[in-house]
Amino acid sequence: MAPCSCSEQIRRLSQQVAVMRKEMKNLRQHLESAVRAHRKHMASLQSELEACRQGKHEMKKTAEKDPQRGAEFSLEKGHIQTVPIGYISSCFSKKNGTPRQPAVCMSSRAALQIQPSVFNNPDHALAGLEHYSHVWLIFLFHKNGHMSYKAKVKPPRLNGQKVGVYSTRSPHRPNAIGLSLAKLESITGDTLHLSGVDLIAGTPVLDIKPYIPDYDSPSAQTNMSVQYETTEDAGDSEPEGLQCLGDSSSELDPKMRFSASGGLSEHSGSVFSEVLAEVRDYLQQGALCVETLADRRPSEPEPEPESQRASRLCYGADSYSSVAAWIRNPPAAELSVRFTPTAEEELREFQPPESTDAGRPKFQFLKGPDEAAAAVRGILSADPRSVYRRTRCSDRLFYFSLDTADVTCWFGDGFAEVLRVRPVQTQECLTTTRHSAARVIAGRASESEEELNL
């Protein structure tokens, strides 16, 4: 090919320069439009922020003028804010081994300190609470992982059977809020000392409410209504239930008898009301005055079918309350708990929190080895394993932490055996302990098989 002339090269270069100028012009236009859009977006954000600030300012003014109206305005708009009033310090440091209900381990202990950020004087908020024996704790399930939940769950006590989440106390709920009843041991300044807890250390507590049996217990409510009715009828005529007692009423304590005017004396009124309530309950259950009650009834009611009784278990009178059958008779049976001699010796080495012996391990919350043994029995008797570990996992070893002790145990058919109770250790020492525990459990399993063969 013949070499291009200089004019041809200049023409091509001119064309390329023209194309580059057009591209630069297009880029400049796109940049200018992007800058205009960015400025417009920033202006809208600034206006939104200003409106938000103005709204908060107006809300603050409203709250200062009328605090109740300010709270209503916030709640009506769905602005629900929860602030933890404190965090639990518990003898349970991990989920593994923590009781699922407070009644499972009444020996467990914890402390709750009210945050100074909530109240300037936290101890003032606890004034008067010392008159109550138990408190309700409203808390958050902060160890729920990804906060996933389903409409039906598998409670461990049902061995894999599904029920609705709202018929259980599963922590995996749309709103991960829990409710627990704890015994109030004492109050020291801004700190509550509790027992019978089922909460992990670090659990955020949202609120504290006193437990009042007269309001919170259905049986107490029924007794209150019975006492109210009997007190009203006492002044007019002799209570209906006492007519069938005949001469037996004369055997009551003199303080509980009627006065000559037919009414109750001021000193014995409350005592007599309690007696009337008890008599009324016995009369309703048919324990007393069978003949009189039989005369009043036109006919005996038909017995309740066995299937219905199995699905509705009641405590006390039927009017108190009812629970699902699997609560009292779960498919997962209660286990017997035993300690090996080694575990018993190791547990006796632990000292109470107030001990000054630096050469022996001591508890932080539990009062001593006896209370720790009771706590271990309570935890293991309820079988803290998941359904998967209980039915499908071949590893029968189980580890959990209780206060300052690491507990190693294994599960057999209908029992749980504690192998080791050691002070909380590092990960390396813990691995060594688990290897030795695995050898012990292998020997225990072979001994159990030999006993079965014999």
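The exercises below concern a predicted model of one protein. Local features need pLDDT of at least 70, side-chain atom pairs count only at pLDDT 80 or more, and totals for chains, interfaces and linings use all residues. Numbering starts from 1 along each chain as its sequence is written, and side-chain values use heavy atoms, leaving out hydrogens and water.

**Exercise 1. Overall make-up**

State how many helices and strands the protein has, and what share of its residues is buried.

Step 1. Helices (H or I, at least four residues) and strands (E, at least two) are DSSP runs, numbered from the N terminus. The protein has 13 helices and 14 strands.

Step 2. Buried means under 20% relative accessible area, exposed over 50%, and partly exposed in between (1.4 Å probe, protein chains only). Of the 454 residues, 31% are buried.

Step 3. A contact is a pair of heavy atoms within 4.5 Å. Among contacts with a separation of 6 or more, 65% come from residues 24 or more positions apart.

**Exercise 2. An annotated span**

Describe the structure of residues 10-48.

Step 1. UniProt, in an unreviewed entry, lists residues 10-48 as "coiled-coil region". UniProt positions are given in the numbering used here, feature names are shortened, and annotations may be inferred rather than shown by experiment.

Step 2. In the model the span is 100% helix and 0% strand. Its end C-alpha atoms lie 56 Å apart.

**Exercise 3. The partners of strand 8**

Find how strand 8 pairs with strand 1 and with strand 3.

Step 1. Two strands pair if DSSP finds at least two bridges between them.

Step 2. Strand 1 (residues 86-90) runs antiparallel to strand 8 (residues 204-210), and two bridges join them. Gly86 has Val205 of strand 8 as its bridge partner.

Step 3. Strand 3 (residues 134-140) also pairs with strand 8 in the antiparallel sense, over five bridges. Here Val135 stands opposite Pro210 of strand 8.
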